[in-house]
Amino acid sequence: MCFRKKIKEEYPKLYKNRQLPSTQPTQAQKAKFDNWYGMFIHFGINTFNNTEWSNGKLPLSIYAPTGIDTDQWARVAYQAGMHYVILITKHHDGFCLWDTDTTDYCVKNTSCKIDVVDAMAKSCKKYGIKLGLYYSLWDRHEKCYKRHGDYVGYMETHLRELLGGKYGEVCELWLDGGWDKACEKWQLDRLYDLVKTLQPNCQVGVNLTIGDFNGKKGFVQERYKPYNQQEGDTMRMFPSDFRLWDPQMCREDDPKLFTFKGEKYYLPFEHTVCSRKEGKWFFNDEYEEKTTLLDVDDVVERIRIIRATNNSIVINLPPDKSGRLVKGDVENLYAIAKKVGIYREG
């Protein structure tokens with residue numbers, strides 16, 4: 001039996017910790033309803049090159065933050081009424097923000113050796129908010145990337161390091177970059193099984209979740225963007241505990257039931273939005289002068305829809321080259337929180 005045919009026949013049942021069909025939310029999904037508001041934090045080697053995506057060849061010498069302040073990141077999230085943060089651990093460039101022996105392309109081989117994941121985990125605990133992690137499936141630096149089975153093993157090692165207990169409880173794993181290979185080559189069922197073994201309540205989301213699981217790589221068509229999704233649409237990135245499609249927004253009649261191989265699955269949606277209207281994820285030196293802060297009333301309306309539809313929303317605030325959040329972003333976030341009535345003192 002060829003690999004692709006075997007995957008199509010056995011994909012939902014290969015592993016013990018598999019996603020089960022359901023038309024109702026799980027307890028972990030219900031917990032996500034309660035923890036509906038979070039902060040996305042894009043920080044890494046791209047921060048020091050004024051770029052959104054890089055090719056895995058930027059020199060380690062440019063990563064040189066002078067004052068990483070994860071306490072500030074967590075404190076701002078707490079005061080803004082948020083329940084969790086999602087920290088970039090590895091973007092498409094392959095640069096790892098934690099101590100790992102799997103690659104030379106990580107923080108411990110730079111002039112600033114701070115394990116940022118560890119620092120963030122401790123700051124979240126200090127301020128009583130949850131920790132979520134972003135991890136890019138796509139890796140433009142790792143040499144084994146095109147040897148699909150070897151690369152899945154490489155990712156498994158990373159997930160064991162990130163979710164194995166060193167950094168405490170992780171509420172969410174945000175997977176990105178899945179468009180760069182055919183869906184089945186990521187072996188998401190294998191990764192999902194490992195995540196649930198390590199952290200059973202961790203919610204797994206894969207960007208561009210909905211679409212045809214057809215073996216093709218690349219972005220999927222307009223038809224499947226959140227504002228066009230219909231109940232019963234197919235899952236492209238399976239398994240997934242919730243839907244992602246950054247930075248798109250859902251409708252007020254957002255559907256929740258989607259299908260894979262004829263079975264129905266309940267999938268809430270997480271909306272991601274940048275702190276600037278221009279959609280910048282990483283800090284850029286021209287950030288203040290050439291970008292525009294989010295409109296407070298627009299975000300308040302988005303929050304209303306998100307709450308009404310039992311979904312979640314995260315707002316991205318990129319730390320600057322020193323390692324601190326930008327004043328304008330923070331003040332605007334507080335204005336949103338005060339208008340919604342969720343601002344916290346302290």
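**Rings, charges and cores**

The charged end of Lys-338 sits over the ring of Tyr-343, 4.8 Å from its centre (the cut-offs: NZ of Lys or CZ of Arg within 6 Å of the ring centre and within 35 degrees of the ring normal). This is a predicted model, where local features need pLDDT of at least 70, side-chain atom pairs count only at pLDDT 80 or more, and totals for chains, interfaces and linings use all residues. Residues are numbered from 1 along each chain as its sequence is written, and side-chain values use heavy atoms, with hydrogens and water left out.

**Charge over ring**
- Lys-181 lies over the face of Tyr-145, 4.1 Å from the ring centre.

**Aromatic pairs**
- There are 23 aromatic pairs in the structure (rings of Phe, Tyr and Trp, using its six-membered ring, with centres within 6.5 Å; planes under 30 degrees apart are stacked, over 60 edge-to-face, the rest tilted).
- Phe-40 and Trp-281 pair edge-to-face, with 6.0 Å between centres and 75 degrees between planes.
- Phe-40 is in strand E1 (residues 37-41) and Trp-281 in the loop between strand E9 (269-274) and helix H7 (287-290), so this pair ties together parts 241 residues apart in sequence (DSSP runs numbered from the N terminus: helices are H or I, at least four residues; strands are E, at least two).
- Phe-40 is buried at 1% relative accessible area, and Trp-281 is buried at 14% (buried is under 20%, exposed over 50%, partly exposed in between; 1.4 Å probe, protein chains only).

**Nonpolar cores**
- The largest core has 95 residues, with Met-39, Tyr-63 and Ile-315 making the most contacts inside it (buried Ala, Val, Leu, Ile, Met, Phe, Trp, Tyr and Cys joined through side-chain atoms within 4.5 Å).
- Helix H5 (residues 148-163) gives the most to this core: seven residues.
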